[in-house]
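Student: I am new to this structure. Please show me how to read it.

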Amino acid sequence: MLFRSDNGDGTVTDNVTKLVWQKAVTSTQAYAWCDAINYCATLTLAGRTWRLPTRIELLSIVDFTRTSPAINTTYFPSVPGGKYHWTASPWVVSQLAGKAQDSWIVNFYEGLASNAGDRTAAEYARCVSSADEGPLPSPRYTQVATGEVQDVDTKLIWATSGTTATTDFATAQTTCSSLGLNGHTWRTPSIKELSTLVDEVPPIASVSPAIDVSTFPDTPAKTPYWSSSLFDGEAVATHDPWVINYEDGFTEYTVTAALVRCVR
């Protein structure tokens with residue numbers, strides 16, 4: 001199955017997420033955050049209804065195996081450089097009036113997500129369209145076996161317990177491949193898969209960690225988790241793999257020790 005389809009009308013369908021994306025972004029599509037939201041809301045491309053994507057949705061089209069740009073250029077050609085791309089996801093701390101009013105932005109040079117998008121700055125807008133724009137399923141996770149839950153949205157099955165001591169990357173891979181929980185085969189999740197566990201807009205009292213702590217109670221406030229995604233597709237000896245930190249869900253690729261939570 002092709003993961004994406006060019007619809008020939010200026011749009012691209014992701015056959016995994018079922019999201020439909022605006023194919024082209026030009027240097028003229030740089031807006032302040034509120035203007036970016038309005039730009040997408042008033043876009044009439046292909047006769048569809050459009051909106052600014054959430055952080056998790058935008059990360060779904062990042063290609064973490066390459067850089068400059070970190071996206072499939074067959075389906076999304078000519079990505080302009082020099083700016084980030086807006087998401088519709090506010091930075092959780094911006095719930096406090098006295099804090100910076102920022103939103104999440106994604107850099108398509110290497111796929112880095114930042115919570116420091118000044119809403120008055122001009123960043124790019126790539127719009128998304130979907131048939132289902134309602135809230136996420138509730139409850140989000142269902143127990144399928146002792147120590148395992150399934151994400152009702154992504155269908156991924158997660159081990160509810162992760163490691164409690166940080167390790168190097170190689171040890172993390174072995175930890176998951178040898179887990180054997182309930183007789184299943186487990187693996188280290190990709191950075192995209194780990195990102196789907198982030199609670200995008202938790203109450204300010206619940207951030208750190210920004211995750212469903214009733215489902216994943218051992219998640220620490222600030223310790224990163226390994227993914228299986230290698231920065232720019234490079235060998236581990238060349239560059240450290242991507243990790244996610246559930247303090248608020250930021251990603252990075254410069255750590256040498258992290259925890260691991262397995263998936264199947």
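**Reading the model**

Tutor: Among what covers the buried residues of helix α3 is strand β13 (224–226). This is a predicted model, in which local features need pLDDT of at least 70, side-chain atom pairs count only at pLDDT 80 or more, and totals for chains, interfaces and linings use all residues. Residues are numbered from 1 along each chain as its sequence is written, and side-chain values use heavy atoms, with hydrogens and water left out.

Student: Which residues of α3 are buried?

Tutor: Buried means under 20% relative accessible area, exposed over 50%, partly exposed in between (1.4 Å probe, protein chains only). Helices (H or I, at least four residues) and strands (E, at least two) are DSSP runs, numbered from the N terminus. In α3 (residues 169–177), the buried residues are Phe-169, Ala-172 and Cys-176. Down the axis of α3 they fall within an arc of 55°, so they line one face of the helix; the arc is that of the directions from the helix axis to the C-beta atoms. Ala-170 and Ser-177 are exposed on the other side of α3.

Student: What is the order of the strands in the open sheet?

Tutor: Strands of a sheet pair through backbone hydrogen bonds, either parallel or antiparallel. Two strands count as paired if DSSP finds at least two bridges between them. Here 4 strands form an open sheet in the order β1-β2-β3-β9, with antiparallel pairing. At the edges are β1 (4–6) and β9 (128–129), each with a single partner strand, so one side of each has no neighbour in the sheet. Between β1 and β2 (residues 11–14) there are 3 bridges.

Conventions:
Contact means heavy atoms within 4.5 Å.
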